[in-house]
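Thank you for making time for this short talk. Please have a look at the model on the screen, and then we will go through some of its parts together.

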Amino acid sequence: MAVRPATTGSRTGKAAPARPNKGTVIPQLGWHEVRPAPIVLVSGTETFLAERAIRQLRDFLKREDPSLEISDVQADSYAPGELLTLASPSLFGEPRLIRVSNVEKCSDIFLAEALDYLENPAEDTYVVLRHGGGVRGKKLLDTIRGGRGGAIEVVCSELKKDTEKYEFASNEFKAAGKRVTVSALRQLVAAFSDDLAELSAACQQLISDATSEVTETTVDRYYGGRVETNAFKVADWAIAGRNGEALVTLRHALSSGADPVPIVAAFAMKIRTMAKVFGARGGSAQLGAQFGLAPWQVERAQKDLRGWSDEGLARCILALAETDAAVKGAGRDPVFALERLIGVISRRGEH
């Protein structure tokens, strides 16, 4: 079988893999760059991206040869000789894909046999080793990264920054050829920031169902009930100085089951971004790189800061800290604390 780079369904954009470990000589690729190799080490803590990378490799190999034989091995409950048996040529010579999970919990016998296998990998066989992190199996990882077995490493690091999640969501739509507005992407990331799998599923649903450009209205129609989305709406109205709309949206969010804590967190995220950008000079891309923000976040913060003074912003930060403590148990009435915070922010911190 010819070995060619796999064509993937979506990308994270320009995000680079993690910095190579000391002594690494094999290619280290992003999850979206997965391609066939005798040994494919899929490392990192982001399970969703790892599973997608492995699935894309499987689909690619299956397209290349529908007779592909697929086997699964658990490294923590490994049977002696299992890897060698599965990698042995069959009567008809079908290519083989062996997916090994839980390598971070591997047994001693798996470790020994995997190290032996690296000395002479089977022809037309692709062994995928999924290691989710930790020190168990380090000798195997070091041997692979040192160049033994003709391996590549696919690094699936957790997407921690909003900029990374925004880029991920943006590229979900780009890969599908579906247009989406910046505000719609922002709403999606806000609504599903805690779960990359849910964010991807939401993108795919909108890609599948929406007949035209996906806008903020489209996202509201599908996911308006998400606490985080409502929370950011409350913050947006308050920061814009529209106290009445902010209070109405707050009461709607609370009546829909929203908790005050994530609403305060939404205020904190926006106010913190405004504080970073306040007084800074430069283009949105330059400032974004400086502060770890997406250019659209910089532009939004600059827009939100119109009419604000540094004293007013400081007062809002203090009020935010007091409200955060109040909604987490230090105050008797979390809702009143939130309403008071909205009043302070709507006045831009002015008395």
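Which helices each supply at least two residues of the lining of the largest pocket? Before I answer, please keep in mind that this is a predicted model, in which local features need pLDDT of at least 70 and side-chain atom pairs count only at pLDDT 80 or more, while totals for chains, interfaces and linings use all residues. Residues are numbered from 1 along each chain as its sequence is written, and side-chain values use heavy atoms, with hydrogens and water left out.

The helices in question are helix 6 (182-191), helix 9 (227-239), helix 11 (260-277) and helix 13 (295-304). When I say helix I mean a DSSP run of H or I with at least four residues, and a strand is a run of E with at least two, both numbered from the N terminus. A pocket is searched for on a 1 Å grid over the protein atoms alone, as an open set of points where a 1.4 Å probe fits, with protein on both sides within 12 Å along at least five of seven lines, and its lining residues have an atom within 4 Å of a point. The general idea is that rolling a probe the size of a water molecule over the atoms shows where empty space is left.

The largest pocket has a volume of about 450 Å³, where volume is the space filled by probe spheres set on the grid points, which are joined across faces, edges and corners. Its lining consists of 21 residues, and D162, A190, F232, A266 and M269 are the ones that lie nearest the centre. Helix 11 contributes the most to this lining, with 8 residues. Sorted by class, the lining has 10 nonpolar, 3 polar and 8 charged residues; here Ala, Val, Leu, Ile, Met, Phe, Trp, Tyr, Cys and Pro count as nonpolar, Asp, Glu, Lys and Arg as charged, and the others, Gly among them, as polar.

Let us turn to the salt bridges. A salt bridge here is a side-chain nitrogen of Lys or Arg within 4 Å of a carboxyl oxygen of Asp or Glu, and by this rule the count comes to 16. One of them joins D72 to R99, with the closest N and O atoms 2.7 Å apart, and this pair links distant parts of the chain, since D72 is in strand 3 (residues 69-74) and R99 is in strand 4 (residues 96-101), 27 residues apart. Another is formed by E119 and R148, at 2.5 Å from N to O; E119 belongs to helix 3 (residues 108-119), whereas R148 sits in the loop between helix 4 (138-145) and strand 6 (151-155), 29 residues apart.

How far along the helix are K328 and D324 from each other? They are 4 residues apart in helix 14 (residues 310-330), and therefore are separated by about one helical turn; their salt bridge has its closest N and O atoms 3.2 Å apart. K328 counts as exposed because its relative accessibility is 55%, while D324, at 26%, is partly exposed. For these words, buried means under 20% relative accessible area, exposed means over 50%, and partly exposed is in between, using a 1.4 Å probe and protein chains only. There is also a network of salt bridges that links R186, D236, K270, R300 and D304.

Helix 4 has a buried side, made up of L140, L141, T143, I144 and R145. What covers these buried residues includes strand 1 (28-30), strand 2 (39-43), helix 3, strand 5 (125-131) and strand 6, with contact meaning heavy atoms within 4.5 Å. Just after helix 4, G147 takes a positive phi of about 110°.

In general, most residues other than glycine have a negative phi. N102, in the loop between strand 4 and helix 3, has a positive phi near 60°. D124, in the loop between helix 3 and strand 5, has a positive phi of about 60°, and D124 is partly exposed, with a relative accessible area of 27%.

Finally, how many disulfides does the structure hold? The structure holds 0, where a disulfide is a pair of cysteine sulfur atoms within 2.5 Å. C156 is in no disulfide, and its nearest cysteine sulfur, that of C203, is 18 Å away. C156 is buried, with a relative accessible area of 0%, and C203 also counts as buried, at 0% relative accessibility.
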